[in-house]
Each structure stands twice: as C-alpha cells, then as structure tokens.
Amino acid sequence: MAKKSPLVFIGILFFIFGFVTWLNSTLVPFLKIACELSNFESYFVTFVFYIAYFVFALPSSKIIDRFGYTRSISIGLGVMALGAAFFIPAAYTRFYLFFLTGLFLMGAGLALLQTAANPYAAILGPPETAARRISIMGVCNKFAGVLAPLVLGSVILQGTDSLAHQVSGLPVGHPERVALLDDLAMKCRVPYYFITVSLALLAVFVRVSPLPEISGGGKPGKGHGGHSLLKKPCFWGGVVALFFYVGAEVISVDSLIGYGLDQGVPSSEAKIFPALSMVAFILGYFVGIIGIPKYFSQKTALVLSASGSLAVSLLAILLPGKDSFYILVGLGLTNAMIWPAVWGLALSGLGKETSLGSSLLIMAIVGGALLPLLFGYVVDLAGYRLSYGLLLPCYGIILAYALLVRPGKGTAAAGKEEAAGH
C-alpha cells in the first residue's frame with residue numbers, strides 16, 4: 001500500500017485539475033448575473049484563467065528546477081488556495097476584479113501543478129506500466145469535470161431564474177436590485193471557503209509528507225537551445241492546432257449553461273449539461289485508450305475527431321431552438337481524442353527538445369483565454385446560435401493539421417504523459 005500512496009495522491013491532484021478548471025462553466029453565467037455583465041465581459045472568467053497558463057508555463061519549469069517536483073506541487077497548491085481565498089472578499093463586495101484576480105491566481109497555480117504532476121505520474125513507477133497510470137489520471141481529471149458544475153451549480157445557481165426575472169424589472173442602482181444581487185454573490189462564500197481550506201491543507205500535507213522526489217531525467221545535451229524546433233513544421237502545426245482546440249473546447253463546455261438559459265431551459269436543468277459533456281468526454285477518452293494504437297493510429301483518431309467536431313458544430317448552427325443546445329453535448333465525445341492525439345503527433349521525433357516543446361504546447365492553452373472572449377463578444381452582437389460558427393474554423397484548422405502532418409519518430413510516450421493533465 002505504501003508504494004501506491006504517491007499514485008493515490010497524484011490521482012487526487014488530477015481530480016483537482018479537472019474540478020477547478022470546469023468550475024468556470026458555472027461561474028460564467030453566475031457572475032454575468034451577479035456582477036451585471038455583458039456576455040463579452042463574463043468571458044473574462046476564462047480569459048484570466050487560461051492566460052495564466054501562457055504567462056507561467058516557462059517560469060514553472062524554472063521553479064521545478066530550483067525546488068524539485070514535490071515542493072513545486074506544494075507551492076502550486078498554495079497559490080491556488082490564495083486564489084480561492086480572493087472569492088471571499090469578492091463575494092462581500094461583488095467586485096468583479098476580485099473574482100478575476102482569484103481566477104488568475106488559481107490558473108497560475110494550476111500551470112505549475114500541471115508542469116510538475118504530469119511527469120511525476122509518468123516516472124513514479126515501472127516504465128512498462130506508465131500508460132496505465134496516465135490513463136487512470138486522465139479519468140480522475142474528467143470525472144472531476146462531471147462533478148464540478150453539478151456541485152457548484154446546485155449551490156450558486158439555485159433560484160437564479162426567478163431572481164433574474166425580478167432584477168430585470170428593477171432599474172439599475174435600485175436598492176432592492178442591489179440587495180438581490182448582493183445576496184446572490186454571497187452564495188459562493190461557502191464553496192470557496194471549503195476550496196480554500198482544502199487546497200491549503202493539501203499544500204501543507206505535500207510539504208511535510210514523505211512523498212518521493214523524482215528525477216526529471218537529467219540535463220539535455222549540447223544543442224538544446226530550441227533552434228532545431230524551427231525546422232519542425234509538425235511541431236509548430238501542433239502548437240497552432242492546440243491553440244484552436246483549447247479555445248473550442250472551452251467554448252463548447254463553458255457556454256452551455258448560458259446558452260441553455262438563453263433558450264429558456266431552467267437553470268436546474270441547464271447546469272447538468274456541462275457534466276453531460278464531461279461524461280461524453282470520458283466515453284471518448286476510453287475509446288482512445290482502447291483503440292490507439294491497436295485499432296487506429298493517433299493521426300486517424302485526430303482526423304475522425306476533428307471531422308466529427310466539425311459536423312456537430314455545423315448542426316448546432318443549423319438546428320433550431322433547443323435542438324441546437326442539446327446537440328452541443330456531442331462535442332464532448334468528438335473532442336476527447338484531439339488533445340492527446342495532437343500532443344503525440346507534435347512531440348514525435350523531438351528528442352532532446354521534448355521538454356521545451358512541451359512547455360510551448362502548454363503555452364498554446366492561451367487559446368482558452370482568447371477565443372471564448374471573442375465568442376462572448378460575438379454573442380452580444382449576433383446571439384448564441386450563430387456565434388458557434390467560430391468553432392468551424394477552429395476544427396477546420398485542426399483537421400487540416402491532421403491531414404497534412406507527417407510525424408517523426410520517437411517521443412509518442414511524451415505526448416501520452418501530457419495528455420492526462422488536461
């Protein structure tokens with residue numbers, strides 16, 4: 001059991017990754033009402049969260065080099081706890097900048113955790129069983145994505161239908177309107193008290209626990225300056241594909257509750273749909289675990305996934321009313337294999353440049369910051385259904401990469417290592 005305890009702990013970390021990330025699908029509609037925001041303004045939730053990955057991806061590797069993997073995990077959890085704590089004064093003041101500051105700090109902590117925990121899960125055990133460990137970590141991550149919107153939504157979205165109706169009938173600045181919105185904002189106190197305390201205790205546990213330190217595999221040899229990456233179109237195409245994929249995935253999940261409310265779906269029902277999308281994602285994830293490479297290659301998986309996502313996105317635009325909303329859950333299934341397939345193809349053949357390539361791919365997560373913000377702006381102009389047209393060029397670029405890519409030889413395993421963490 002002692003040998004398994006570090007893996008159990010890493011599984012908890014991957015659960016936290018998923019839980020904290022997909023809380024945003026509930027926070028977007030919640031803060032839109034509580035802070036009286038436009039759709040464009042509400043998507044700053046995803047912007048500040050994912051921009052932190054871009055800002056802290058490379059610094060995270062330097063922190064790990066200096067402090068080691070286990071201490072870096074503790075630091076990352078501490079930073080996330082600080083970010084969660086910002087939600088307490090934010091709830092009392094209903095000040096949107098406080099909420100955004102908390103989200104940015106949580107994203108920064110996650111960037112460090114992602115960079116440290118992925119190789120920890122891969123290296124902590126026999127090489128021949130690494131894929132099995134990574135697969136289990138990925139399931140922990142996505143299972144948390146199922147629970148997060150259900151748990152938070154049941155607390156902070158309860159009664160928002162009637163509240164939104166009441167608020168709409170009162171002028172801006174009216175004392176009754178202010179009081180209603182203040183009461184709504186206060187609903188997030190208890191969940192974020194719990195999240196803050198849990199993350200802080202976990203950070204302390206990691207700091208004092210006898211979790212084994214691991215080696216990152218030594219320093220790279222000469223020529224590890226990144227110059228050879230300039231001659232790797234397969235890699236840079238992967239960076240571009242990942243940028244558009246993360247943006248599309250965040251839109252496809254974090255917009256579901258808002259779109260449902262826009263279509264007249266009660267909040268008690270709409271809050272379930274991000275969780276359903278995550279269930280579909282898990283099913284697709286298992287298809288990849290079972291099928292690659294026994295039945296189909298990573299390249300084939302990427303072609304099929306991008307094509308399927310294009311088809312679902314097109315149906316979401318063409319179908320009328322609530323049918324358009326319901327079909328979007330299908331993107332969870334078609335999206336599932338895109339992230340791991342892109343990682344595997346992009347890192348293939350990089351050799352000594354693999355760690356640098358991984359950091360640059362992590363930076364491509366900035367797509368989750370920029371594209372949803374653009375989506376929110378278009379929603380304000382054209383409404384939800386037509387705004388999903390933004391997904392078509394995203395998946396089209398991914399499909400083009402899948403069809404044109406000529407992967408090299410070598411580091412497919414590295415792609416698997418990173419695939420579990422998203």
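A pocket here is an open set of grid points, where a 1.4 Å probe fits, with protein on both sides within 12 Å along at least five of seven lines. Keep that in mind while looking at this predicted model.

Let's start with the second largest pocket. About 470 Å³ of space lies in it. Its lining is made up of 23 residues, and Pro29, Lys32, Ile33, Ala164 and Leu261 are the ones nearest the centre. By type, that lining splits into twelve nonpolar, six polar and five charged residues.

Which helix gives the largest share of the lining? That's H9, with five residues.

Now for Leu180, which sits in helix H10 (residues 175-185). Is Leu180 buried or exposed? Its relative accessibility is 17%, so Leu180 counts as buried, since the cut-off for buried is under 20%. Leaving out residues up to four places away in sequence, Leu180 touches Leu163, Gln166, Val167 and Leu170. Leu163 is 17 residues from Leu180 along the chain, yet their C-alpha atoms are separated by 7.4 Å.

Finally, the largest nonpolar core. It has 133 residues, and Leu13, Leu77 and Tyr192 have the most contacts inside it. Helix H12 (residues 233-254) gives the most to this core: twelve residues. As for Leu77, its partners beyond four places away in sequence are Leu13, Ile16, Leu113, Leu199, Leu202, Ala203 and Val206.

Terms used
Residues numbered from 1 in each chain as written. Predicted model: local features only at pLDDT ≥ 70, side-chain atom pairs only at ≥ 80, totals over all residues. Heavy atoms only, no water. Core = buried A, V, L, I, M, F, W, Y, C linked by side-chain atoms within 4.5 Å. Buried < 20%, exposed > 50% of the residue type's maximum accessible area, 1.4 Å probe, protein only. Helix = DSSP H or I, 4+ residues; strand = E, 2+ residues; numbered from the N terminus. Contact = heavy atoms within 4.5 Å. 1 Å grid on protein atoms, 1.4 Å probe; cavity = no way out; pocket = protein on both sides within 12 Å on 5 of 7 lines; lining within 4 Å. Points joined across faces, edges and corners; volume = space filled by probe spheres on them. Nonpolar A, V, L, I, M, F, W, Y, C, P; charged D, E, K, R; others polar.
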